[in-house]
Amino acid sequence: MPNKTEEYLALACKTADNFSRQWEHWAEFLITAARLYKYSYPDQLMIYARRSSQMYSFNGNNHGD
């Protein structure tokens, strides 16, 4: 069972890999990073990961009903 550090590292790697593959995700990350310029890159990455996972899970469950 992975500890929290390993879980966060896996989330950061998955997020960085995801937004580096598609320019739309990269643009979304840049917008987030611009708003959070006072935070370090790792913190910006984790905030983006949390926000995007919440946004995608909400959009995935919302089928226009």
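Biologist: How far apart in helix H1 are Arg21 and Asp17?

Modeller: Arg21 and Asp17 lie 4 residues apart in helix H1, so about one helical turn separates them. A helix here is a DSSP run of H or I with at least four residues, a strand is a run of E with at least two, and both are numbered from the N terminus. This is a predicted model, in which local features need pLDDT of at least 70 and side-chain atom pairs count only at pLDDT 80 or more, while totals for chains, interfaces and linings use all residues. Residues are numbered from 1 along each chain as its sequence is written, and side-chain values use heavy atoms, leaving out hydrogens and water.

Biologist: What makes the pair Arg21 and Asp17 a salt bridge?

Modeller: The term requires a side-chain nitrogen of Lys or Arg within 4 Å of a carboxyl oxygen of Asp or Glu. The closest N and O atoms of Arg21 and Asp17 are 3.0 Å apart, and the pair therefore meets the definition. A search of the whole structure finds 1 salt bridge.

Biologist: Why is Thr32 called buried?

Modeller: The relative accessibility of Thr32 is 7%, so this residue counts as buried. Thr32 is placed in helix H2, which covers residues 23-35. Leaving aside neighbours within four places in sequence, Thr32 is in contact (heavy atoms within 4.5 Å) with Tyr48 and Arg51. Of the 65 residues of the protein, 20% count as buried.

Biologist: Which residues make up the largest nonpolar core?

Modeller: A nonpolar core is a set of buried Ala, Val, Leu, Ile, Met, Phe, Trp, Tyr and Cys residues joined through side-chain atoms within 4.5 Å. The largest has 6 residues, namely Ala12, Phe19, Phe29, Ala33, Leu45 and Tyr48. Beyond its neighbours within four places in sequence, Phe19 is in contact with His25, Trp26, Phe29, Tyr41, Leu45 and Tyr48.

Biologist: What pattern does the protein follow along the sequence?

Modeller: The pattern is α-α-α, and the protein has 3 helices and 0 strands. Among contacts with a separation of 6 or more, 42% are between residues 24 or more positions apart.

Notes
Buried means under 20% relative accessible area, exposed over 50%, partly exposed in between (1.4 Å probe, protein chains only).
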